[in-house]
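I opened this notebook to keep track of what I looked up in one structure, going from the whole chain to single residues.

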Amino acid sequence: RLMFVGNSHTYQPKELGGVPQAVARLTAALGCGQLDVFSVVQGGADLLDLREQFETTLQAATVVWDTFVLQVGCGADPSNRAAIEHVLQEGYAPLLLQAAGPDV
């Protein structure tokens, strides 16, 4: 199971299912079986904006996740770097460890 978190760079082009569905189709085409992909996306958002939705999605899930893809988005802007680093360390890291299950 693979979860993508990001903005429009992650979910565009919508008619193709964005990056998540492109990865799932590529995996199937390579004969690797069906890949379950999920996403938490919002146009113009960055990880600061998506943390609460990400947490809600994880809490509602009854699965163990294999991989997460976090799109930094606006975090590349030097003025946002400290805030992004903080939310990654204090907001996302504990959630990612919990969601990955006890074997991590």
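The entries below go from the overall fold to the aromatic side chains.

**Ground rules.** I note that this is a predicted model, in which local features need pLDDT of at least 70 and side-chain atom pairs count only at pLDDT 80 or more, whereas totals for chains, interfaces and linings use all residues. Residues are numbered from 1 along each chain as its sequence is written, and side-chain values use heavy atoms, with hydrogens and water left out.

**Fold.** I looked up the secondary structure and found 4 helices and 3 strands in the protein chain, taken as DSSP runs (H or I of at least four residues for helices, E of at least two for strands) and numbered from the N terminus. Along the sequence, these elements follow the pattern β-α-α-β-α-β-α. The radius of gyration is 14 Å, close to the 13 Å from the globule rule for 104 residues, so the protein chain is as compact as a globular protein of that length; the radius is taken over C-alpha atoms, and the rule is 2.2 Å times the number of residues to the power 0.38. I also noted that the C-alpha trace spans about 40 × 35 × 20 Å along its principal axes.

Of the 104 residues, 30% count as buried, where buried means under 20% relative accessible area, exposed over 50%, and partly exposed in between, with a 1.4 Å probe and protein chains only. Among contacts (heavy atoms within 4.5 Å) between residues at least 6 apart in sequence, 70% join residues at least 24 apart.

**Aromatic rings.** How many aromatic pairs does the structure hold? I found 4 of them, counting rings of Phe, Tyr and Trp (its six-membered ring) whose centres lie within 6.5 Å, with planes under 30 degrees apart called stacked, over 60 edge-to-face and the rest tilted. One of them joins Phe38 and Trp65 edge-to-face, at 4.9 Å centre to centre and 85° between the planes. Phe38 lies in strand β2 (residues 37–41) and Trp65 in the loop between α3 (47–60) and β3 (67–70), so this pair ties together parts that are 27 residues apart in sequence. Is Phe38 buried or partly exposed? Phe38 is partly exposed at a relative accessible area of 36%, while Trp65, at 5%, counts as buried.

I then turned to Phe54 and Phe68, an edge-to-face pair with 5.8 Å centre to centre and 75° between the planes. This pair links helix α3, which holds Phe54, to strand β3, which holds Phe68, 14 residues apart, and both residues are buried. My last entry is that Phe38, Phe54, Trp65, Phe68 and Tyr92 form one aromatic cluster.
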